[in-house]
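Please keep the sequence and the model in view while reading.

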Amino acid sequence: ETCFLCAHSRADQYISNSSTNKAAVFSAAITQADRPVQGGNVMNYANIKYCDISNGSGVRTSLFVSGCRRHCENCFNKVAWDFAYGKPFDKTVRNQILASLKPDYIGGLSLLGGEPFEPENQRALVPFLHDVKVLYPHKTIWCYTGNVYETELLQPSPSRCEVTDEMLGYIDILVDGAFVQDLYDISLRFRGSSNQRILDMNATRAAGHAVLWQDDPVFSDHKM
């Protein structure tokens, strides 16, 4: 069984050891040749939405990765089930996303799919998320997954692999759980069905158990 508190210590160590000059890091990220992904994996992406306000708090850049084996009924993005759909997530694309996060009005990066926590996608995303956190430590990373945090990401499952703990360590907000059509609720913010949770991962790591994200109270009764 994996401890909630120590499951992410490896990623925390990576981040703390990367407190080098940010200008140098950004220059390296923009000019370096493509880094080989762990296991030689090449991920495709289905779409990128810049200045997105639908998939997390504030104004964000949202990356929709390709590949998902879950196949939820009435999935909003079925084309992204195919791992080969879309375009390669190469150096040029990574640098475009990194540059898009620079303005002060951008709150951070959101990951959707497809399924970011497919093992192939995790291996491609982890080095990129590391760079995001080094360059923009005060911006948030949101991630949407069909997996349940405690039972499928912390415990042995088809989604858990050698980089899962590190990837979890880079995520600030995790929206977990498969979309369930019978539980669909149009009034929900940032999720599609009522079984899905929005987890505050920083609070979760501190508490040692899952802690729900607290939205702005103005949205609690769906009135503006």
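What percentage of the contacts in the protein with a separation of 6 or more is accounted for by residues 24 or more positions apart? The share is 70%, a contact being heavy atoms within 4.5 Å. This is a predicted model, in which local features need pLDDT of at least 70 and side-chain atom pairs count only at pLDDT 80 or more, whereas totals for chains, interfaces and linings use all residues. Residues are numbered from 1 along each chain as its sequence is written, and side-chain values use heavy atoms, with hydrogens and water left out.

The protein contains 7 helices and 7 strands, taken as DSSP runs (helices: H or I, at least four residues; strands: E, at least two) and numbered from the N terminus. Starting at the N terminus, their order is α-α-β-β-β-α-β-α-β-α-α-β-β-α. Of the 224 residues, 47% are buried, that is, under 20% relative accessible area with a 1.4 Å probe, protein chains only.

Two packed helices are described by the angle between their axes and the distance between the axes. For helix H3 (residues 91-100) and helix H4 (residues 119-135), the axes come within 11 Å and cross at roughly 25°; axes are lines fitted to C-alpha atoms over the stretch in contact, with angles from 0 to 180 degrees between N-to-C directions. H3 and H4 are therefore roughly parallel to each other, the term for angles under 35 degrees.

At this packing, Arg94, Ile97 and Leu98 of H3 meet Phe128, Val132 and Leu135 of H4. The residues of this contact comprise 5 nonpolar, no polar and 1 charged; Val, Leu, Ile and Phe are among those counted as nonpolar, and Arg is among those counted as charged.

Terms used. Angles under 35 degrees count as roughly parallel, over 145 as roughly antiparallel, 65 to 115 as roughly perpendicular and the rest as oblique. Buried means under 20% relative accessible area, exposed over 50%, partly exposed in between (1.4 Å probe, protein chains only).
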